Amino acid sequence: MGAGKRGVLTAAVTVVCAVTVLAVPGTAFAAPTPPPDPGTTASVTVVTSDVELEAVRKKLDKLYRAAAKATDEYNAAEEKARQQTAQVVRLAKKIVEGREKLADLKDRAGAAAAAQYRGGGLPPEARLVLSDDPQDFLDSAGRVRQEQHATKGLLGEMTRTQRDLEEYAEDAREQMRKLEAGRKVKAAAQKRVERQIEAAEKLEAELEQEEKERLARLERQAAARAQATWLSSGVLDELTSKATAQGREAVAYATAQIGKPYQWGAEGPNTFDCSGLTSQAWLAAGKTIPRTSQMQWQHLKRVDVEDMRPGDLIIYWADASHVGMYVGDGVMVHAPRPGRTVTLAGAGSMPILGVVRPDPAAE
């Protein structure tokens with residue numbers, strides 16, 4: 001690694017350690033090795049310690065978690081935009097149908113009014129005197145009253161239709177206002193996602209290949225420690241529930257995606273984010289669930305970890321910013337983060353907020 005590049009990395013690590021207070025008291029960090037004297041040919045190798053890489057790992061974890069939270073906000077805004085767009089389309093259809101109905105009612109009311117005018121030019125007393133058949137007059141008078149009632153009904157229906165049109169138009173305007181506000185929320189979330197990922201990728205780019213490999217090993221070790229702690233709690237001793245038919249289908253779909261890249265905002269079929277994987281897996285099993293991990297946490301039935309069964313969703317972190325699907329034997333499948341692929345991991349490898357069940361009514 002060149003001295004200039006090593007200096008940038010060392011400075012970045014120093015800032016990381018200072019800001020996140022990751023080092024325990026008394027821990028010394030490796031200082032950058034001074035460059036060789038001009039003219040010398042001896043090469044100097046600077047080794048980044050595992051302590052420094054651990055600081056980088058925690059910083060990356062923080063950045064990617066922030067990106068995951070922003071991704072959830074983006075996905076929620078995207079889902080809301082879909083619903084609002086569909087509502088605008090439905091309202092537009094109702095407006096078109098209402099205008100056609102109103103035009104038809106106007107034509108019918110006009111024809112009825114013209115007919116009444118032609119048949120009702122004389123007062124009833126005069127028409128009775130001039131009529132050759134009183135009974136025919138009475139029948140005719142009854143028809144006129146019916147026509148008048150029908151015309152009144154047409155006018156009333158026209159009024160109601162016009163009122164409905166005005167309400168549809170106002171609803172459509174309100175949905176468009178919400179849609180525009182949602183676009184701004186989505187755009188802001190997208191910027192936050194991209195900013196966090198860019199910062200993480202920049203930090204990783206400062207590492208040499210050997211350091212990246214060691215960093216990946218540290219990630220695996222951290223996950224293994226968390227999983228071991230979770231297992232030592234005895235949680236698996238109570239996990240005796242078996243998957244439902246739908247749960248098995250959801251697990252089959254999710255595990256079939258192993259190896260496919262993570263992509264924020266993606267719902268497949270070639271790339272996924274964490275909640276895109278779980279929502280699509282359950283959709284493949286015939287069950288529609290909320291799109292984001294936070295909405296899954298809010299709207300699906302919560303169950304105790306001890307009652308967890310394959311197909312249930314494990315929600316991670318206090319902000320519900322990540323989700324995986326339990327597959328059994330203390331293992332879950334998930335789409336971890338940018339730069340990673342859909343994979344199996346220990347169900348307890350991250351802090352568990354809780355467990356939710358998409359099919360609580362199934363036996």
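Modeller: Happy to. Please keep in mind that this is a predicted model.

Colleague: What makes E210 and R214 a salt bridge?

Modeller: Their closest N and O atoms are 2.6 Å apart. The cut-off is 4 Å between a side-chain nitrogen of Lys or Arg and a carboxyl oxygen of Asp or Glu, so the pair qualifies. Both residues sit in helix α5 (residues 209–232), 4 residues apart, about one turn of the helix.

Colleague: Which parts of the chain does the pair R337 and E219 link?

Modeller: The side chains of R337 and E219 meet in a salt bridge at 3.0 Å, N to O. R337 is in the loop between β4 and β5, while E219 is in helix α5, and the two are 118 residues apart. Both R337 and E219 are buried.

Colleague: How do you know that R309 and D359 form a salt bridge, and are they buried or exposed?

Modeller: The closest N and O atoms of R309 and D359 are 3.3 Å apart, within the 4 Å limit, so the pair counts. It links distant parts of the chain: R309 lies in the loop between β1 (301–303) and β2, and D359 in the segment after β6 (352–357). R309 is at 8% and D359 at 5%; each value is under 20%, so each residue is buried. As for networks, salt bridges that share partners join E219, R337 and R340 into one. By this rule, the count comes to 9 salt bridges.

Colleague: What makes β3 and β4 a pair of strands?

Modeller: Pairing needs at least two bridges, and 3 bridges join β3 to β4 (residues 331–334), so they pair; they run antiparallel. Within this pairing, Y326 has M332 in β4 as its bridge partner. The two strands form a hairpin with 2 residues between them, and D329 in the turn has a positive phi of about 55°.

Colleague: How many bridges join β4 to β5?

Modeller: There are 4 bridges between β4 and strand β5 (residues 343–346), which run antiparallel. H334 stands opposite T343 in β5.

Colleague: Which residues have the most contacts inside the largest nonpolar core?

Modeller: That core has 29 residues, and W282, L313 and M325 have the most contacts inside it. The elements giving two or more residues to this core include α2 (50–119), α7 (274–284) and β3 (322–328). α7 gives the most, with 4 residues. Apart from this core lies another, of 14 residues, among them W230, M308, M332 and V355. Leaving aside neighbours within four places in sequence, L313 is in contact with residues including W282, V323 and M325.

Colleague: Which element supplies the largest share of the lining of the largest pocket?

Modeller: α5 does, with 9 residues. In total, 35 residues line the largest pocket, and E219, A223, H334, P336 and M350 lie nearest its centre. The volume of the largest pocket is about 980 Å³.

Notes:
Residues are numbered from 1 along each chain as its sequence is written. This is a predicted model: local features need pLDDT of at least 70, side-chain atom pairs count only at pLDDT 80 or more; totals for chains, interfaces and linings use all residues. Side-chain values use heavy atoms; hydrogens and water are left out. A nonpolar core is a set of buried Ala, Val, Leu, Ile, Met, Phe, Trp, Tyr and Cys residues joined through side-chain atoms within 4.5 Å. Buried means under 20% relative accessible area, exposed over 50%, partly exposed in between (1.4 Å probe, protein chains only). Contact means heavy atoms within 4.5 Å. On a 1 Å grid over the protein atoms alone, a cavity is a set of points where a 1.4 Å probe fits but cannot get out, and a pocket is an open set with protein on both sides within 12 Å along at least five of seven lines; lining residues have an atom within 4 Å of a point. Grid points are joined across faces, edges and corners, and a volume is the space filled by probe spheres set on the points.
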